[in-house]
Structures are given as C-alpha cells and as structure tokens.
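Here is a friendly tour of one protein model, with its pockets, its metal site and its aromatic rings as the stops. Please have a look at the sequence and the structure before reading on.

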Amino acid sequence: MKNHEANRQITHVSKGIPATDGAGVTLTRIIGSPELDMLDPFLLLDSFASDDPNDYIAGFPLHPHRGFETVTYMLAGKMRHEDNTGRSGVIGPGGVQWMTAGRGIIHSEMPEQEEGLLHGFQLWVNLPATEKMSEPHYREYDASEIPIEKREAGAEVRVITGTTEQGTKGPVTDVITTPLYLDVRLMKSSRFTETIPVTHNAFVYVVKGVVAVIGEQLEVEEKVSAGFLGVLGDGNRVELVGLEDETQLLLIAGCRLGEPVARGGPFVMNTRAELTQAVRDYQSGQF
Ligand code: CO
C-alpha cells in the first residue's frame, strides 16, 4: 500500500524530440515521443517556439480529430482556427482553446502572423470510451478571462482549468478527466504547493528557469530545467521552489482513465476496429 499523503517526487525527466507536423511546423514533441509515449490521460504535448516564420508559417491546414480533446495554450503570437462546425477565432498570448473533438471535427490551426515570435503548446487529453463519440464541444478564453492567483514571495499562478487550494477556479470547467492546468511563475526561492488528487497523473514542464521539486524528505529534491518535462510520481500534493528569478512552468494533472488506447494519427480510440471506423467515417464525410 503506497502512502498517498505525500509530496510527489520526480520519477522521470524527458526533453522531448524535434518533430514536424501539420504542413511543416517545427516543434518539440514532449509527450507522444518514443521516450514518453503517453501519460494517461495525456496523449501528446507539443511545444512550438520560434521567431523564424519558416518554422511555423505553413501551419496546420484542415485535418480531422476523433476521440479526445486538443488544448492550445499560447504564450506569444497568435493562432487562427476554423472548423467545420462554423466556429472560428484567434487565440492570442495567454489565451487558451479547449476543443473536445468527440465523434469528429475537422479544423485548421494557422499562425495569424507572418513574422515574430510564435510560442505555445498543444496538449491532447484522452476521453473515456463513453465520451469518445460525444458531440464536438469547444471553448476559448483570452488572457483577461484566466485568473491570476498571487502567492508568497512573488509566486503567481494562472489557472486555466481546475481549482487551486486557495479556491481560484479556471474558466475551463466540466472536463471529464477533471484536469488541473496551471501556468506557474516563480521568483528565486519562492515556494509553491498545490494539492493534486491521487487519482491523477501529473507532470511539470519548465518553460523558463529552473525549478526544484521537493520530495517527502527535504534532502530528496530534483531539479527540472527549461525545456524539460518532469513526471510526478504518487502522492497527493506537489511542492516546488524556484531556483531562478522568472522561472515559469506548466503544472498539469488529469485523472487516469486506465482504458486501452488505439492511436492512428489524428484519431484516438479504444480498439483498432474503432480506428478503422473513424477513417471510414471521415472519408465518407460523416464528420
Ligand atoms: Co488539430
């Protein structure tokens, strides 16, 4: 029996791999790589960060999804999306789009700029079997709608989804895997603790600076630097300390589904037969 009343410690650190996707966008695949195939319910995490238009201008033209959710969070630059339900919009710096593909959506995600820095993330969150064929659903919030909670010693957290210990609630609600998606900013020596349910897998991805993840014994601490993801092990809380000023990280957690996963490009189902059906439905215009 594991002790659940404990700080989560780092069990694995991964840097991700260079990849291209869409029509030729240069990105780093952090989850969904040979080293870290998935972290249930998270199927993929991509980071894109470049001020060279050649790395992003081709964008992600029309493509389908079925069976999971795509979450785009921008730090710099703008992405325009359009989909076959007639929705369209622009996600700017600090904005988030949480799209539940459900039974099927066809969309494009294109940079809304021809030069300058484009920096953001796309996370894929799995859906349980009961929700894979649900109606597509979609929400989008700009930076002004995402609450910023101030903590001690210059620490602050932007709450995209979930509720913090101090009661700040993110605008994205009613997600089936009850995720926590926090953008945490720390100064040197500022400390940040947060409860994470034992039912959830969790990770930190460091955007800038260096963070220490404090384990149960004070001497057990692991550093995670910019560009690295640290998988958090069992426990019910996380304790972080900034080791540099202006450290920034994503703290993301979600409830484990524990279901079989069948992946085929933009479709994620439970069985191969369901993948075959997804391809057939897409090709016959059912999306
Ligand atoms: Co997409």
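Which strands each supply at least two residues of the lining of the largest pocket? They are β3 (25-31), β4 (42-50), β5 (60-65) and β11 (118-126).

## About the model

This is a predicted model, where local features need pLDDT of at least 70 and side-chain atom pairs pLDDT 80 or more, while totals for chains, interfaces and linings use all residues. Residues are numbered from 1 along each chain as its sequence is written, and side-chain values use heavy atoms, with hydrogens and water left out. Strands are DSSP runs (E, at least two residues), numbered from the N terminus.

The largest pocket holds about 290 Å³ of space. Its lining has 17 residues, and D21, F60, H63, Q122 and W124 come closest to the centre. Sorted by class, seven are nonpolar, six polar and four charged. A pocket here is an open set of points on a 1 Å grid where a 1.4 Å probe fits, with protein on both sides within 12 Å along at least five of seven lines; lining residues have an atom within 4 Å of a point.

For the second largest pocket the volume is about 180 Å³. Among its 14 lining residues, Y73, L75, R158, R185 and Q248 are the closest to the centre. Strand β6 gives the largest share of this lining, four residues.

## The cobalt site

The cobalt ion has H63 (NE2), H65 (NE2), H107 (NE2) and E109 (OE) as protein donors, at 2.1 to 2.6 Å; donors are N, O and S atoms within 2.8 Å of the metal (3.2 Å for Na, K and Ca). In sequence, their spacing reads H-x1-H-x41-H-x1-E. H63 in strand β5 and H107 in strand β10 (residues 105-111) are 44 residues apart, a link between distant parts of the chain. Both H63 and H107 are buried (under 20% relative accessible area).

## Aromatic pairs

The model has eight aromatic pairs, counted when ring centres of Phe, Tyr or Trp (its six-membered ring) lie within 6.5 Å. Y73 and Y181 pair edge-to-face, 5.7 Å centre to centre with 75° between the planes; edge-to-face means planes over 60 degrees apart. Because Y73 sits in strand β6 and Y181 in strand β15 (residues 180-186), this pair ties together parts 108 residues apart in sequence.

Definitions and conventions:
Points joined across faces, edges and corners; volume = space filled by probe spheres on them. Nonpolar A, V, L, I, M, F, W, Y, C, P; charged D, E, K, R; others polar. Buried < 20%, exposed > 50% of the residue type's maximum accessible area, 1.4 Å probe, protein only. Phe/Tyr/Trp six-rings, centres within 6.5 Å; stacked < 30°, edge-to-face > 60°.
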